[in-house]
Amino acid sequence: MESSFFLVDHLSISFGGIKALQNISFTMNKGEIFSVIGPNGAGKTTLFNCISGLYKPDQGNIQFKGNSIENKKPDTIARMGIARTFQNIELFSHMNTMENIMLGRHIHMKTGVFKGMFLWGKSSFAGKEEIVHRERVEEIIDFLELQNVRDKFVGALPYGTQKLIELGRALALEPDLLLLDEPCAGMNSEEKQDMIFWIKDIQDELGISILLIEHDMKMVMDISSRVLAINFGKQVTLGSPEEVQQNKEVLKAYIGEEN
Amino acid sequence: MIDLIQMIVNGVAVGSSYALMGLAMVIIYKTSEVPNFAQGEMALISSFFAMMLLTSFNMSLYLAFFLTFVFAVLLGFFLEFAILRRAKEPNILGMIVITIGIEMIILGFVSWKFGADQKTMPFPIGPYDSFIIGDIFVSKLEVLTLVAALLLMTTLYLFFRYSKLGLAMKATQQNSVAAQIVGVRTNRIMMMTWGISSLVGAVAGLLISPTIMQPFMMWDPMLKGFAAAVMGGMTSLPGVIVAAYMLGIIENLFGGYISIEFKTVVAFVIIVLVLCVKPSGLFARHYIKKV
Ligand SMILES: Nc1ncnc2c1ncn2[C@@H]1O[C@H](COP(=O)(O)OP(=O)(O)O)[C@@H](O)[C@H]1O
Ligand SMILES: [Mg+2]
C-alpha cells in the first residue's frame with residue numbers, strides 16, 4: 001500500500017481530566033488544503049501542537065511522508081518539512097521582520113556564519129550562502145508585501161502584520177506541509193481577502209500542502225478541499241465542504257455560536 | 001591626584017575579573033534564566049586542573065592552558081547535559097538549588113583533592129611584576145587581565161552578533177517555542193551556552209590564580225560578578241561589563257578614601273541601593289512575557 005502524504009491515526013491526548021483529543025484520524029493528500037473546524041476549546045490547537053511535537057500524544061500515531069513523528073522533537077519535525085504559525089503569535093519580538101524571517105532559514109544554513117559576508121567577504125562560501133538566504137527572505141518579504149516593516153522591530157507592529165511575518169517565517173523553512181492556526185483571526189475583511197489570496201498562492205505556486213484552522217465558515221468552504229469538524233476533542237464529521245456544511249451538528253454548533 | 005589615578009587603575013584591573021565572572025553568569029542567565037551559583041567553582045576546578053597539568057605533568061604553559069579551556073567547555077557541556085537537563089518539571093528555584101549543589105560538590109572535591117592551603121600557580125607573570133608609568137604602579141597581571149577581558153568581550157560580541165549559533169541563542173532566549181519550531185536545537189544551544197560560560201569563567205580563574213590559589217579563591221570575584229550582573233539587569237552583556245568596572249572602581253575609591261575594612265562590603269551596599277531605585281537593574285531591557 002502506498003503511504004499517505006500525511007496521516008493522523010487514532011490520536012488521543014488528555015490534560016488531567018480534560019480529554020482534549022479522542023481518537024482523531026484523518027489523512028491528507030499532497031497539495032491539498034485541509035481545514036479543521038470546531039468551537040473554541042474543541043482541541044484544534046492541541047492537534048497542531050501534537051503534530052509539531054510540542055505535545056506528546058497519549059495514544060495514536062502521526063506519519064509524514066511515510067515516517068512516524070512519534071517521539072520526535074519540534075526541531076526535528078521542522079527539519080522533516082512541517083512548518084507552522086500560532087494562534088497566539090510566537091515571534092522573536094526583539095528582532096526586526098527581516099531577522100525573524102531569516103531565522104526561518106536556520107535549518108538551511110550550512111556555514112554557521114550569519115552575516116558571513118561581513119566577516120569573510122562576498123565571494124567566500126559563507127558570503128555566497130548568505131546572499132542566497134537573503135534573496136529567499138527578500139522574495140518572501142515582497143510576496144507578503146512586508147517591505148515597509150522590513151527593518152522594524154516586530155513587537156510593536158499591528159497584530160495583522162505580525163501574523164503575516166509569522167507566515168513569512170514559516171514559508172522561509174520551505175516546508176512541504178504548512179499548519180496555519182487561525183491566520184485570519186482579528187483581521188478586517190480586506191486583510192482577510194489578502195490572506196485568502198496568499199494561502200491559495202502558497203498552495204498553487206509553491207505547491208505547499210496546508211492544514212488550516214479557521215473560524216470563518218465562508219472562507220473555509222471557499223478554499224478547502226476537505227474539512228474535519230471536531231467538538232469536545234471528538235470527530236463530528238469529515239468530508240467535502242458541502243457535506244460538512246450540511247451536517248446537523250455542525251449547523252447547530254455554528255448557528256448556536258452566532259447567537 | 002596620583003592616589004586617585006592609582007585607585008582608578010586598580011579598580012579597572014579588578015573590575016576586569018568581576019566583568020568576566022559576571023559575563024559568564026549573564027550568558028547562562030540569558031538563555032535559561034538560571035543564576036548559576038556554581039559559576040565560581042566551575043572556574044575554580046578549571047584553574048586547579050591547569051595547575052595540575054603544569055606541576056604534576058610538567059606541561060608547557062600554552063598546552064596546559066589550551067587543555068584547560070577544553071576542559072572548561074566540556075565541564076559546562078557535562079553539567080548542562082547530565083544534571084540540569086535531567087531536572088523534571090524545572091522551576092527557577094529548583095534550578096538554583098541544583099547549581100548550589102554543584103557548587104558545593106566541586107568545592108568539596110577541590111578541597112579534598114588539592115587541600116585547602118594556598119598553592120602557587122606556576123604562571124610566568126608574578127603578582128608583583130609591575131610597570132611604573134610616571135608615579136602610577138600597574139601590575140603586569142592587571143594589564144594582562146584587562147587585555148584578556150577586552151579580547152574575550154570583543155570575541156563574544158562578534159560571535160553573538162554574526163554567527164548562526166549566536167543568532168540561534170538570541171532566538172532561544174527571546175522565544176524558545178518559536179526557536180524550536182523553526183528548527184533550532186534548543187537543547188544543544190543550552191549546552192553551548194554552558195560551555196561558553198564555563199570557558200569565560202576559566203579565563204577569569206586563570207588570571208586570578210597567580211594572586212590567590214586556594215579553594216575559596218573564586219568567592220569574592222564570583223559574588224562581585226554576580227553583583228555586577230544584577231546591577232546590569234542580568235541579561236545585558238554591555239550592562240554587566242559597565243557595572244563590573246564601576247564596582248571595581250567604586251570599591252577601590254571607597255577603600256582608599258573612606259574605610260579599607262568595609263571595602264568589599266561596599267559592592268553589596270551598591271546593589272541594594274540600585275535595586276531599591278531601579279529593581280530591574282541599571283541596564284535592563286524588558287522582555288515582557290506573553291501568556
Ligand atoms: N497545555 C495544556 N494544559 C492543560 N489543558 C490544555 C492544554 N492545552 C490545551 N488544553 C485544553 O484542551 C482543550 C482544547 O484546547 P485547544 O486545543 O486550545 O482548543 P481550540 O484550539 O480548539 O480552541 C481545552 O479545554 C484546553 O483548556
Ligand atoms: Mg485554538
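Donors to a metal are counted here as N, O and S atoms within 2.8 Å of it, and water is not among the atoms, so sites may look incomplete. In this predicted model, the magnesium ion (ligand 2) has Thr45(A) and Gln87(A) as its protein donors. The points below cover that site, a helix pair in chain B and a residue of chain A.

**Magnesium site**
- Thr45(A) contributes OG1 and Gln87(A) contributes OE1, at 2.0 to 2.1 Å from the magnesium ion (ligand 2).

**Helix packing in chain B**
- Helix α2 (residues 39-55) of chain B packs against helix α4 (residues 92-114) of chain B at an angle of about 25°, and their axes are 9 Å apart.
- α2(B) and α4(B) are therefore roughly parallel to each other, and the crossing is left-handed.
- Residues of α2(B) in the contact include Leu44(B), Ile45(B) and Phe48(B), and those of α4(B) include Ile106(B), Leu107(B) and Phe109(B).
- By class, this contact of α2(B) with α4(B) comprises 11 nonpolar and 2 charged residues, with no polar ones.

**Thr161(A)**
- Thr161(A) is located in helix α6 (residues 159-172) of chain A.
- Its relative accessibility of 18% places Thr161(A) among buried residues.
- Beyond neighbours within four places in sequence, Thr161(A) contacts Leu146(A) and Val149(A).

Key. Residues are numbered from 1 along each chain as its sequence is written. Chains are lettered from A and ligands numbered from 1 in the order in which they are written. This is a predicted model: local features need pLDDT of at least 70, side-chain atom pairs count only at pLDDT 80 or more; totals for chains, interfaces and linings use all residues. Side-chain values use heavy atoms; hydrogens and water are left out. Donors are N, O and S atoms within 2.8 Å of the metal (3.2 Å for Na, K and Ca); water is not among the atoms, so sites may look incomplete. Axes are lines fitted to C-alpha atoms, for helices over the stretch in contact, and angles run from 0 to 180 degrees between N-to-C directions. Helices (H or I, at least four residues) and strands (E, at least two) are DSSP runs, numbered from the N terminus. Angles under 35 degrees count as roughly parallel, over 145 as roughly antiparallel, 65 to 115 as roughly perpendicular and the rest as oblique. A crossing is left-handed if the near helix is turned anticlockwise from the far one by less than a right angle, and right-handed if clockwise. Contact means heavy atoms within 4.5 Å. Ala, Val, Leu, Ile, Met, Phe, Trp, Tyr, Cys and Pro count as nonpolar, Asp, Glu, Lys and Arg as charged, and the others, Gly among them, as polar. Buried means under 20% relative accessible area, exposed over 50%, partly exposed in between (1.4 Å probe, protein chains only).
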